[in-house]
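Here is a friendly walk through one model, with a few local features to look up as you go. Please keep the sequence and the 3D view open side by side.

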Amino acid sequence: MNNMFNEILREQKMLYPRMEPQDYGKLIYQSEFGPRHLAEDMQIILSEINRERAEVSQDSYPQTPEFIGNGLCRFPLSMCRSDRDGYLLAKLFALTARRHHVSKPGVLEKLSLLKEFSIPGMDAWAEKWREEGYPAVHHSRAYREAYQPHYRLLRRDYAGYFPVLSEIYKMMERKKNIIIGIDGRCGSGKTTLAEWIQSILPCNRIHMDDFYLPQSKRQEGWTEIPGGNIDFSRLISEVLRPIHAGEAVCYRRYCCSKDKMEEEMYMPFRNLTIVEGSYSHHPSLPPYDLKIFITCSLQERKRRLMEREGSYFTMFLDRWMPMEEHYFRSFAIEENSDLQIDTSELFL
């Protein structure tokens with residue numbers, strides 16, 4: 001943690017050479033406590049964002065999300081291109097305020113990292129801040145005049161997924177029946193993204209694992225066939241066709257551990273449906289309104305899969321990951337998606 005925040009301090013010092021002691025204090029406060037002190041009524045949050053959006057110029061900073069540690073970033077208002085985006089930012093900001101947890105190592109240890117930077121007046125300012133009980137800090141006048149900062153604190157994963165939700169909101173203004181496909185590399189966060197969208201927007205979520213073929217129905221040499229373990233025809237007839245017709249969905253899940261079908265599941269029709277999982281972009285399926293591809297560095301995917309799968313991890317490494325890559329190459333899955341998201345660092 002110390003090394004990571006030390007790098008953040010170095011980067012901020014390079015990007016914003018006119019930072020004064022209180023600007024470093026603000027960075028530490030934000031990284032430690034997030035926006036909890038700003039959690040207010042949603043309408044107040046939205047009103048303030050809209051007011052400030054009107055003041056944003058092309059020269060304001062930051063212009064892209066900036067990681068500040070503890071899973072948080074500064075998200076620039078310049079990325080809000082419409083009232084819809086402003087509403088989305090307000091909603092995600094409120095969620096960040098409610099869900100952020102205070103970090104370690106804490107304010108004192110983060111302040112100690114500043115000693116090597118030899119910042120004029122830093123020790124005196126930090127001592128006064130300590131005596132006051134480490135209250136919230138404003139940017140200095142010099143910083144505001146030089147960089148015109150207009151941003152909100154967001155969880156880093158919220159900022160990474162912001163373009164996805166923005167696009168979905170835009171589509172929902174034009175169409176009443178939307179189906180989204182989320183495909184990508186195992187361990188990259190397909191299910192996490194689908195669950196995140198579902199927590200914000202009322203929708204149905206269909207998991208591709210529910211449509212694995214029972215072992216007895218798989219073709220000989222199925223591991224060499226891209227998607228050879230998926231019952232695409234059942235997915236179409238029991239899920240996608242009814243959804244396209246604006247009807248409720250009723251289907252039976254396949255249980256991999258038992259190699260058998262489970263009891264029927266019923267889902268009432270909703271305006272938004274997410275189909276997520278490997279092979280959800282297979283060309284045999286009807287076109288989606290939006291195709292999202294999730295990827296991640298191999299090192300991070302291995303770490304996540306080892307943590308998630310335990311001893312079963314070697315099966316992913318030896319079988320499932322090579323099969324997925326064969327599928328991606330065969331049909332240019334990543335290249336043909338509408339949005340690509342790299343989650344390698346979203347959850348740090």
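Predicted model: local features only at pLDDT ≥ 70, side-chain atom pairs only at ≥ 80, totals over all residues.

## How to read the model

Residues are numbered from 1 along each chain as its sequence is written, and side-chain values use heavy atoms, leaving out hydrogens and water.

Helices (H or I, at least four residues) and strands (E, at least two) are DSSP runs that are numbered from the N terminus.

Let us begin with a pair of strands. Two strands count as paired if DSSP finds at least two bridges between them. Strands E6 (249-255) and E7 (260-267) pair in the antiparallel sense, over six bridges. Within this pairing, tyrosine 251 stands opposite methionine 265 of E7. In a regular strand the side chains alternate between the two faces of the sheet.

Four residues lie between the strands of this hairpin. Aspartate 259 is partly exposed, at a relative accessible area of 32%.

You will find glutamine 148 in the loop that runs from helix H7 (141-147) to strand E3 (151-155). With 30% relative accessible area, glutamine 148 is partly exposed.

For a cis peptide bond, go to tyrosine 61 and proline 62, where omega is about -10°. Proline 62 belongs to the loop between helix H3 (42-53) and strand E1 (66-69).

## Helix H3 and its buried side

The expected span of a helix is 1.5 Å times one less than its number of residues. H3 has twelve residues, and the 16 Å from its first C-alpha to its last is close to the expected 16 Å. The buried residues of H3 are Ile45, Leu46, Ile49, Glu52 and Arg53. Why do they share a side of H3? They lie on the same side because they cover an arc of only 135° around the axis, where the arc is that of the directions from the helix axis to the C-beta atoms. Helix H4 (83-99) and E3 are among the elements that cover these buried residues.

A polar contact is a pair of N or O atoms within 3.5 Å; within protein, one must be able to donate a hydrogen and the other to accept it, and residues adjacent in sequence count only if both atoms are side-chain atoms.

Contact means heavy atoms within 4.5 Å. Aspartate 231 sits in the loop between strand E5 (204-207) and helix H10 (232-244), and its 14% relative accessibility makes it buried. A polar atom of the aspartate 231 side chain is 3.1 Å from the backbone nitrogen of arginine 234. Beyond four places in sequence, aspartate 231 touches Phe211, Tyr212 and Leu213.

Leucine 95, in helix H4, is buried at 9% relative accessible area. Setting aside residues up to four places away in sequence, leucine 95 touches Tyr158 and Ile200.

Arginine 304 is part of helix H11 (residues 298-309). Is arginine 304 buried or exposed? Arginine 304 is buried, with a relative accessible area of 15%. With neighbours within four places left aside, its contacts include Gly187, Cys296 and Phe347.

## Cysteines

How many disulfides are there? A disulfide is a pair of cysteine sulfur atoms within 2.5 Å, and by this rule the count is zero. The sulfur of cysteine 256 is 6.9 Å from the closest cysteine sulfur, that of cysteine 255, and so too far for a bond. Cysteine 296 is in no disulfide either, as the nearest cysteine sulfur, in cysteine 186, is 10 Å away. Cysteine 256 is partly exposed at 42% relative accessibility, whereas cysteine 296 is buried at 5%.

Methods. Buried < 20%, exposed > 50% of the residue type's maximum accessible area, 1.4 Å probe, protein only.
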